[in-house]
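Biologist: Let us go through the side-chain contacts one by one. I will ask for the grounds behind each label.

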Amino acid sequence: MSSRPELQAPPEIFYDDTEARKYTSSSRIIEIQAKLSERALELLALPDDGVPRLLLDIGCGSGLSGETLSENGHQWIGLDISESMLNVAYEREVEGDLLLGDMGQGLGLRPGVIDGAISISAVQWLCNADKSSHVPRLRLKAFFASLYRCLARGARAVLQLYPENNAQRELILSSAMRAGFSGGVVVDYPHSTKSRKEYFVLTCGPASLSAAVPKAKGEDGESCSDDDDDESSGDEENQTVSISDRHRPRKKQKISKKGRGRGRGWVLAKKEQMRRKGNTVPPDSKYTARKRKAHF
């Protein structure tokens, strides 16, 4: 059986009363959650003016990451699908407001009220179809569209997650871009199997200088950039940063000439593109892109 929790059972079933208490009582998990939350809060790049912000903790669980937000003087709202996890958070008397809900159905918050959002090890759950009605592409669309609406203009969302593969990573990032976000992926310690962490740093609104993707952390724990690596060494194996910067994709202009670029190769490429997006596409055959004869 896979060690990844999201492949074993839906979150509301996997995190039952026993698992929720076991998760919250682990000193190792508490330490990891604190470090990830501190890093996510750092990547939010909130103004250092001493004014508390209203933050959203997506997949808050038992409130471990929310405690980091409270310690930094911020108010927060926590959303989770596991009632057992929220019960433990309530027993621990966390300072945030707790909501029981499925982020794949949208967040249901008023537009523009959130100053920033973090999520620790939660968003990858949306890539799994736990029910016959679940379509990962549509659930990601609903999540990112509602997240974009509730964030203030220019606010950031930092999502730490563990993509199972590159296709899952592309699906999540492309869904965010289509919702209107700009930004990219920050990878800390990219060459370390144990310490590698991925953060999707998304800004509400079009790309700008202030919305540039932050620098990642290298093996020495200090932040650095691709330019720094290129100057210090031309050997790709010695680079310690892996950053993917993406902006909202622009729509391609339609070709006005009839029939141009609409051959079999174009159709096959278009179908493959739709498959990567998670759409249901008919299989290829010898009849694909064949021109139909006129009936009359």
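Modeller: The structure holds 12 salt bridges. This is a predicted model, in which local features need pLDDT of at least 70 and side-chain atom pairs count only at pLDDT 80 or more, while totals for chains, interfaces and linings use all residues. Residues are numbered from 1 along each chain as its sequence is written, and side-chain values use heavy atoms, with hydrogens and water left out.

Biologist: Why is the contact of Glu31 and Lys35 called a salt bridge?

Modeller: The term requires a side-chain nitrogen of Lys or Arg within 4 Å of a carboxyl oxygen of Asp or Glu. For Glu31 and Lys35 the N to O distance is 3.4 Å, so the pair meets the definition. The two residues are four apart in helix H3 (residues 27–44), about one helical turn; helices are DSSP runs of H or I with at least four residues, strands are runs of E with at least two, and both are numbered from the N terminus.

Biologist: What makes Lys35 count as exposed?

Modeller: Exposed means over 50% relative accessible area, buried under 20%, and partly exposed in between (1.4 Å probe, protein chains only). Lys35 has 55%, so it counts as exposed. Glu31 has 44% and is therefore partly exposed.

Biologist: What makes Glu198 and Arg169 a salt bridge?

Modeller: The N to O distance is 2.8 Å, so this pair also qualifies. Glu198 lies in strand E7 (residues 197–204) and Arg169 in helix H7 (residues 166–179), so the pair ties together parts that are 29 residues apart in sequence. Glu198 is buried, at 5%.

Biologist: Why is the aromatic pair of Tyr148 and Phe181 called edge-to-face?

Modeller: Rings of Phe, Tyr and Trp (its six-membered ring) pair if their centres lie within 6.5 Å; planes under 30 degrees apart count as stacked, over 60 as edge-to-face and the rest as tilted. Here the centres are 5.2 Å apart and the planes are at 85 degrees, so the label follows. Tyr148 lies in helix H6 (residues 136–150) and Phe181 in strand E6 (residues 181–188).

Biologist: How do you know that Phe181 is buried?

Modeller: Its relative accessible area is 0%, so it falls under the limit for buried.
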